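Thanks for passing this one along.

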Amino acid sequence: KNSAKAMEKELVTCSPQEKEKIAINRSQIFQIPQRKGLETKVIVVLGKAGMGKSILVQKICQDWSNGEFSEFEFVFWFDCKQISLPEKQYTLKELLLEFFVKPQEGSKEIFQYILQNPAKVLLVFDGFKGLHDHENFPRCSASKPEKDLCSIKELLSALIQKRILNGCTLLFTARPKDKVHQYVSKVDKTIEIVGFSPQQRELYITKYFEGLPGCDSALKLIKEQEYLFSHCYSPVMCKFVCFLCEAVLEMGEESLPSTLTEVFLKFFQQKIIPVQTDVTATQDQENLATLAHIAWCLGEKHQSAMKSDLLPSKEVKEFALKYGFFLPFAFPKHSDSEEEEFGSMFSDFVLQNFLCALHLLSAEELRNKSVTKYLSFPSKKKKPYDWLDLVPRFLAGLLFLQDDPYFCSLSNQDGIQSTKKQNQVLKYIRRLQINNLCPERLLELLCCIYETQSNYLLQHMALRLEPDLSFLDIALTPPDVHVLHSVLKRSRKEFSLDLRNSSIDMQGLKDLVSLKNVTSFRASLSDTVRLWKSLEQAKDYELLKASAEKFILNPFKAKTMKDISNLCDLVEIQEKVANCKQDESGCTSYEIPAIRNLRKLDFALGPACGPQGLLKLVKILAAFPSLQHLDLDALSENGIGDEGAKSLSEVFPTLTSLETLNLSQNKITDVGAEKLATALPSLSSLKTLSLYNNNICDFGAENLAKALPEMTSLRVLDVQYNKITGVGAQQLTNSLRKCPHIKNLVMWNPTIPHGVLEHLQQLDSRISV
């Protein structure tokens, strides 16, 4: 039991929901406050594919070469896609001084210096996912991993286990779903790259087209396609959209494609067609089909790189390199006599996903019924193709582009087969039990259907969606929000949304809550407060009032000081709106329903912030007229002490609706109990009071006993696990005779003799032990 409780405490302490949105500079990445000792430091940078993780680590290397990050004398950067091929083995020396950099002389002395000064070494492993499939991370079997040949997994294992270069700094980049913490026992710092804000998207697009023809109309053209603009939150997608927009402007066209599938189809068209002749068209088609097959085979193994000599032909290699679909790289040599080996990897993750979808459609062995299994909608915990997470969207989109002449030339399949596969998907989605899908699968389904641009399927989803939609703890990207918004507005139903801890951006939150058929929503308080402040600054009082009416706060759990600050901000907004006089902007005196209707408030800040947080909280408690349940008991023990009890007791007269007050495990002594007892009768609705596991002695019990007859609404009092002796217990029992309204007094204490407690229980059966 104690072990389970300790584990639960650890989970509460390390909850990912407690992460805060704080922008940091590159110079702060390696700053680890309160870090002691010279052991290996581990920093993890998370971000979805294409979010700019590789660009970030390249910039770190560049900054270091320009004199920044002077704490490191050596910085080594490795692309995990290149070094993680299963057949390759390295010694640590080869990995550092052959793969990354080749010193002209003195490599032995340099390596010895590195081994002796690990604190001056930074090792960057970019794309950590490539280092494991679904296997457990292996222990390094080599007795001397710095000298013996090992797989990259074994070398990394030795680094993480501090068997080699103990004291160095390890920087990993990975995708959020890669579960890095499963393979790395202790992470000192975790940073997440969240992509471009709408303003940053506009800046990127403006900079991209700066000085180019049509620069004035490019941004307008992209923003007209809201779905594409939402995808521009990802830097790599933004680059693709800009490239296509540039081509469209050169051809004099007036609009961009409306889906991601069409964007990449057009991308291939712009890459290959301009330099194509009738003679090369067929050859290019065959090369593309082969490349698509390679993309799929590698993707199934969670890889995007391979040895160049394993490519089926020289023509395929030249084709892939010519159009930028492949990037070449070299492997380190084990000795001077060996020939240099080269590898090839897909230049972009999204590109590989698109080619995989192309392969699945054109592969002869793919029958109609097997198309649907690659869409991955079933409500199973394990997603079979999660590494190729864009394949289902591209596959669905391509299935509904059978009339596109360029797609027909790429896929080389007849219209009859395409129609059969399309009908199979339609039939499959119609039969799908949408209500059984978890939120992630539902989002995936919506995004796939959006790529089809089928009005029938979009309307079908709008009709089938449940009125209560929860995306609690599910990351909602701007494209996800756009798709959800477009489906919801098609429906005549009324919806309630739970968007807490969804990392939704302010524009997305604004778009969803402004829908007329979204009648209520829950969102992280920080996100909601930020939205309302922006609406207040913009003087959009109409939307501010409408969204305030829909917002649900009850029940609310405060886990950080930020939560308390946000709650204070909410009350401040209420005061501003309430004091706002009628003017030309339409602002009227108004009360925020979420504040008025808050009935349960849990306070769980822990001992470090508990006392300070409570002092801040009590200042606004009076603003919640319907508060019925105030719980200050937390696994991590808030420890508000006597000062907290005193400050809380001062606001009791304002808490007229409070029915349950839980002050368990808060280090309250007789001093605090006396303050509480004086003020408790003013809680006119209080039914349950818990003072379990505090430090209250007989003097505190005596004061509580005096107050009990005046607390006419009280039904249950819990004072067990304090320091009350038989004397205090007798006083409470005597007081109980004057309190017919009390139904239960829980009074077991280790300091009360067992015989005394039994005797008191015989005197009054309402006493529990």
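**Notes on the predicted model**

1. Strand 10 (residues 495-499) is mostly covered, with 4 of its 5 residues buried. Here buried means under 20% relative accessible area, exposed over 50% and partly exposed in between, with a 1.4 Å probe and protein chains only. Helices (H or I, at least four residues) and strands (E, at least two) are DSSP runs, numbered from the N terminus.

2. A word on the basis: this is a predicted model, in which local features need pLDDT of at least 70 and side-chain atom pairs count only at pLDDT 80 or more, while totals for chains, interfaces and linings use all residues. Residues are numbered from 1 along each chain as its sequence is written, and side-chain values use heavy atoms, with hydrogens and water left out.

3. Strand 10 has a partner in strand 9 (residues 468-470): the two pair in the parallel sense over 3 bridges. Pairing requires that DSSP finds at least two bridges between two strands. Within this pair, Asp-468 stands opposite Ser-496 in strand 10.

4. Elsewhere there is an open sheet of 3 strands, in the order 6-8-7 and with antiparallel pairing. Its edge strands, each pairing on one side only, are strand 6 (305-307) and strand 7 (326-330). From one strand to the next the twist averages 25°. Strand 7 pairs with strand 8 (residues 342-346) in the antiparallel sense over 5 bridges, and Ala-330 stands opposite Phe-342 in strand 8.

5. Which residue deserves a look in helix 15 (residues 349-362)? My pick is Asn-353, which is found in that helix. Asn-353 counts as buried because its relative accessibility is 0%. Its side chain reaches the backbone nitrogen of Val-391 at 3.3 Å. Leaving aside neighbours within four places in sequence, Asn-353 is in contact (heavy atoms within 4.5 Å) with Leu-388, Asp-389, Leu-390, Val-391 and Phe-394.

6. How do helix 23 (residues 506-513) and helix 24 (residues 525-537) pack, and at what angle? Their axes are 10 Å apart, at an angle of about 80°; axes are lines fitted to C-alpha atoms, for helices over the stretch in contact, and angles run from 0 to 180 degrees between N-to-C directions. Helix 23 and helix 24 are therefore roughly perpendicular to each other, a label for angles of 65 to 115 degrees.

7. On the helix 23 side of this contact are Met-506, Leu-509, Lys-510 and Val-513, which meet residues of helix 24 including Asp-527, Arg-530 and Leu-531. The residues of the contact divide into 5 nonpolar, 2 polar and 3 charged.

Terms used
Polar contact = N/O pair within 3.5 Å; in protein donor to acceptor, adjacent residues only side chain to side chain. Parallel < 35°, antiparallel > 145°, perpendicular 65-115°, else oblique. Nonpolar A, V, L, I, M, F, W, Y, C, P; charged D, E, K, R; others polar.
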